[in-house]
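Hi,

Here is the structure I promised to pass on. Have a look at it first, and then read my notes below.

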Amino acid sequence: MKKKFETIAVRTRMRQTQEKEHSSPLHLTSSFTFDDAEHMRAAFSDEIEANIYSRFSNPSVKEFEDKIALLEGAEAAFATATGMAAVFASFMTFLKTGDHILSAREIFGSTHTLISKYLPKWGIEHSYFEMGKPKEIEKHIRKNTKMIFLETPSNPGLDMIDLEIVGKIAKKHKLIFNVDNCFATPYLQEPIKYGADLVVHSATKFIDGQGRVMGGVVAGKKEMIKEIYLFCRNTGPALSPFNAWVLSKSLETLAVRMEKHSENALAFAEWLSKNKEIESVKYPFLASHPQHAIAKKQMRAGGGVVTFIVKGGYERAKKFMDAMEMISISANLGDVKTIATHPASSTHSKLSEEERKAVGITSGSIRISVGLEHIDDIIGDVEQALRKSK
Ligand SMILES: *Cc1c(COP(=O)(O)O)cnc(C)c1O
């Protein structure tokens, strides 16, 4: 019988050493040794599977990759130093000069910059589609389109798209379907089930879950991950064994953490939607979310991020941020600690008001990554900050 998610996350591990340790050890080593010259030759010529050098592979990194592959329902995975390194590797391994990438407009800021500023330097074309209009995707497909890329739910707008619809379009046109599954994590959503070829993650967020280390990972079919591995082996964005060791332990608690993040976030979103100081609230599992049915179809729960618009615009939003006593002001998300961001004055300050609107951000938008403190204390802090900032 196939083991359940929680069991895979806890029980998948590297082989025990002769010490019989219960918890996987940290293999903090840059290289590995060989019995003799012949052994080394065989390793380098791929005749045997062996660790050579930690830029290529490392047992602590491998344990993390194996867990992610199993949890995503993928054949294989390759881990990288950051989420952006994973996104970059997934693009550069499969795109070449003359190709076209079709991406959702509502994506992470650095991914947007990578697509619109750097890919053109290598002659890779791009265009964007709107998350709310999956039926229009086909209109954007060109002869040279190679990949469809999207994030669902998106950061920070929490827009969603039906993965099954996009999966079918990708299959019909023989395109690589690449999904950033950072906000949902494999516990809440499995894009491969709906036809995704590649799943990328910033492991820095909910996968670490405690705001300690950076990391990224790409999961998919064996042959595709092999290509990504070869690209990374020769370009160098390897995940450090220490970070991999931390992330592998983090996965053991991912299911319980995501359940609690989602429970707190839903309670918080419901409370916000009844508050008179709030213009609007967005959360995948609130019935008022325009794509609520999609969330219910493809996600196990709504995740840990809530966005809302406070009445009073830019000035009120900044005052609100300053009035919080417990909640951290930070750019990160997916931490046990609740974090608030005001995108218009920080992560999205370089965009014009119009551009911000296009990705669903207004001057009064606040993004809250709901942590694992007691829900009464999270709501209490927001309540007093709303009062003080009036
Ligand atoms: C943070 C983030 C990334 C980038 O990950 P890093 O680990 O910061 O490099 C990519 N996609 C999404 C959706 C993110 O939130």
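In which loop is Lys-20 found? Lys-20 sits in the loop between α1 (5-11) and α2 (37-44). Keep in mind as you read that this is a predicted model.

Lys-20 has a relative accessible area of 61%, so it counts as exposed, the cut-off being over 50%. Asp-46 has a positive phi too, near 65°, and it is likewise not a glycine. You'll find Asp-46 in the loop between α2 and α3 (59-72), and at 57% relative accessibility it counts as exposed.

Next, the strands. Strand β4 covers residues 145-151, and six of its seven residues are buried. Strand β2 (residues 100-104) runs parallel to β4, and four bridges join them. To spot this on screen, find Ser-103 and look for its bridge partner in β4, Phe-149. Strand β5 (residues 176-180) also runs parallel to β4, with five bridges between β4 and β5. Here Glu-151 stands opposite Asp-180 in β5. To get from β4 to β5 the chain passes through helix α7 (residues 163-172), and this β-α-β crossover is right-handed.

Asn-155 brings us to the ligand. A polar side-chain atom of Asn-155 lies 3.1 Å from an oxygen atom of the ligand. Met-84 uses its backbone instead: an N or O atom there lies 2.9 Å from a ligand oxygen.

Now for the rings. The structure holds nine aromatic pairs. One of them is Phe-242 with Trp-245, a tilted pair at 6.0 Å centre to centre and 35° between the planes. Both residues lie in helix α10 (residues 241-252), three residues apart, which is about one turn of the helix. Phe-242, at 38% relative accessibility, is partly exposed, and so is Trp-245, at 28%.

Then look at Phe-308 and Phe-320, which form an edge-to-face pair: 5.9 Å centre to centre, with 85° between the planes. This pair links distant parts of the chain, as Phe-308 is in strand β9 (residues 305-310) and Phe-320 is in helix α13 (residues 313-323), twelve residues apart. Are these two buried or exposed? Phe-308 has a relative accessible area of 1%, so it is buried, and Phe-320 is buried at 0%.

Ring pairs also link Phe-88, Trp-122 and Phe-231 into a cluster. Finally, two arginines lie over ring faces: Arg-233 over Phe-56, 3.9 Å from the ring centre, and Arg-300 over Tyr-187, at 3.9 Å from the ring centre.

Conventions
Residues numbered from 1 in each chain as written. Predicted model: local features only at pLDDT ≥ 70, side-chain atom pairs only at ≥ 80, totals over all residues. Heavy atoms only, no water. Buried < 20%, exposed > 50% of the residue type's maximum accessible area, 1.4 Å probe, protein only. Helix = DSSP H or I, 4+ residues; strand = E, 2+ residues; numbered from the N terminus. Pairing = 2+ DSSP bridges. Right-handed = clockwise from strand over helix to strand, strands pointing away. Phe/Tyr/Trp six-rings, centres within 6.5 Å; stacked < 30°, edge-to-face > 60°. Lys NZ or Arg CZ within 6 Å of the ring centre and 35° of its normal. Polar contact = N/O pair within 3.5 Å; in protein donor to acceptor, adjacent residues only side chain to side chain.
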